[in-house]
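Please keep the structure open while reading the points.

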Amino acid sequence: MESSCPSTPRWNLDRPFLTGRFHQQEIKGTSRFAADAKGFSLDSCSSGLENPIGCYDAAVQELIVTDDLLFALVGIEGRYISIKRVHGKDDAVTFQVDASMDLALQEFARRIFPLCESFLLIDQFVESRSQFKNGLVNHAFAAALRALLLDYQAMVAQLEHQFRLGRLSIQGLWFYCQPMMGSMQALSTVIQKASANNYAGSAVLNLLQSQAKAMAGDNAVRSLLEKMTQSASNAYLSILERWIYEGVIDDPYGEFFIAENKSLQKESLTQDYEAKYWRERYSLKEDIPSFLANIAGIILTTGKYLNVMRECGHNVQVPVSENSKLMTFGSNHHYLECVKAAYDFASGELLNLIKEKYDLIGKLRSIKHYLLLDQGDFLVHFMDIAREVLLKKHDEISVEKLQSLLDLALRTTAAAADPCHEDLTCCVERSSVLKGLSTLKDLDIRNVSDSNDLEESISITGLETFSLSYKIRWPLSIVISRKALTKYQLIFRFLFHCKHVERQLCGAWQLHQGVRALNTRGTAISRSSLLCRSMLRFINSLLHYLTFEVLEPNWHVMHGRLQTAKSIDEVIQHHDFFLDKCLRECLLLLPELLKKVGKLKSLCLQYAAATQWLISSSVDIPKLEEQSDGSLGSERSKPLKSRNPSQAQKVMTRNSAVTDSILKFEREFNAELQSLRPILSSSSQAEPYLTHLAQWILGVGNDQ
């Protein structure tokens, strides 16, 4: 037998597995290694030897050890090399040699043992991970490892053939084993980590990629690990392909990084304030393949868009060509282009569907007409015919009766020409606007609630709690969700009550105009008329600010942005921004200001309710000569001398009561306006949009 390896071997040992060129070579002839290498059992450790190896000379020992090492390379015990299980580690084994073996041969054997251990570890991993329960990625990874092991076993068979021909020494065996050491040990490291943590799906791909990056200094090992990653990812990319091209999650083992919550249905969008369907029906898991981490959101959104269209009965599939197949995720980033193209297609199709077929802009414009009081003729008629019902307490109101009155108002006004008017409904809330704002948990609302809120809520009437609602159907409920509709309703309730205050003050002003023919100059009626005008200017200024300086400009900005939006998520973002901005600029997110405005409106309503009595009581009251403090002059009693004492006393008493009432309303109204000044001034510095409102309000105060 030759003591060194031949210089020009006749077999191929050009490290085929290091470059990823897995291949199977046919082994001809009879050989001990033609038998199945899976016959190894951890329990069969006895060698049944009669003589220790030390009884033989060095040359014979080399032949025996080389023969045993060829067996060990495929996981089979030899005559003087045994396999032992590591205590406490079920998967780990160690190779041991006869203690009497030549020391040089022992050293060679121990150098080759790591390769033998790696083979056993990989072989056991292949067998265990090929089971169905381990998922598609593990199946693909195990298949790639099995191909590698076949290549490895073919090489060992070639080495054995050369050994039988007497052309392979132990030094030659070590020479040919060295190139395989790094690759097999790198794979065994990956396998140990995967087995210890029971990795599957994305975790396996991330582990392979991280290990490949860690071996950047060894091109052969890095190339092998990249090939393994590519092979293991093929099944994963198939799942990804169906998701971005069809919107279907074909994931029987739960390996995909997108989770589906089937308990959430699209119908929930009209009731669920949190809009969980859109956010949580499909969501990202924690384990995302590192090569997809930067585009995970786009991938999620693409499938969501396709699902929406399928839920609408609009069957659409992304056009697929040979170039769009997700077969690789190499350095050319072709897969990124495929994902981006699929996203652009799905986004454009869904946006066109919602804008054109379901007329999103038209529906938003209709909501603006009714809930933002863009067309108020129906509201005026409704407030006239529903006045008595709305004056009741909220728990005494019949919603059915209100709905019939609303339908009557819609059919008898210009709103009847709107095809969407049938989607309008009414409801009666159970709390005030201020308390209703507490449902807006996603907005920054300063909490200034006090103990009087509960007492006030008990006495509120339908005028404070009446609201309109709108029937929103799928898929428009994605944009106009329950949450968005709640914000519309809060704005409507605030506007509706302001309109009610304005109507009451207008009625009071008409009463004052009815007595203009009388000489009321210098009387309590004149004083009352000035107060009524100030109140009217206040409420008109507030309504002008809300409608022409907040709602209309913001609506036009949103409308322009919706026209240029590229996706439904952009539409949702612009729409939500519009509502949040309107809530903030309508003072609804500033409870302190809202309470002050509420007190002013309450004073206006109290004054309007008392106007009939004030005017009827003031018709016979003589002119007043008022002093700077509002008291009556010394000449007040002169005209009364012409009347009898009892009649004069009644007139004086009534005169005093009317004057005191007017002066009380005037003092309280002016005091509230004055207290509003510093709040508006300070708030306008942080909230510039309040500057115009401050100018209007301060202008009203300066007229007093």
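1. Start with one pair. Asp 67 and Arg 164 form a salt bridge, with their closest N and O atoms 3.0 Å apart. Asp 67 sits in helix α1 and Arg 164 in helix α3 (residues 135-164), so this pair ties together parts 97 residues apart in sequence. A salt bridge here is a side-chain nitrogen of Lys or Arg within 4 Å of a carboxyl oxygen of Asp or Glu.

2. A note on the source. This is a predicted model: local features need pLDDT of at least 70, side-chain atom pairs count only at pLDDT 80 or more, and totals for chains, interfaces and linings use all residues. Residues are numbered from 1 along each chain as its sequence is written, and side-chain values use heavy atoms, leaving out hydrogens and water.

3. Asp 67 has another partner. It forms a salt bridge with Arg 79, the closest N and O atoms being 3.0 Å apart. Asp 67 is buried, at 5% relative accessible area. Arg 79 is partly exposed at 40%, and Arg 164 is partly exposed at 43%. Buried means under 20% relative accessible area, exposed over 50%, and partly exposed in between (1.4 Å probe, protein chains only).

4. Now look at helix α19 (residues 568-585). Lys 581 and Glu 585 both lie there, four residues apart, about one turn of the helix. Their salt bridge has its closest N and O atoms 2.6 Å apart. Lys 581 is partly exposed at 23% relative accessibility, whereas Glu 585 is buried at 8%.

5. Finally, the whole structure. The search finds 20 salt bridges. Buried residues make up 50% of the 704 residues in the chain.

Definitions and conventions. Helices (H or I, at least four residues) and strands (E, at least two) are DSSP runs, numbered from the N terminus.
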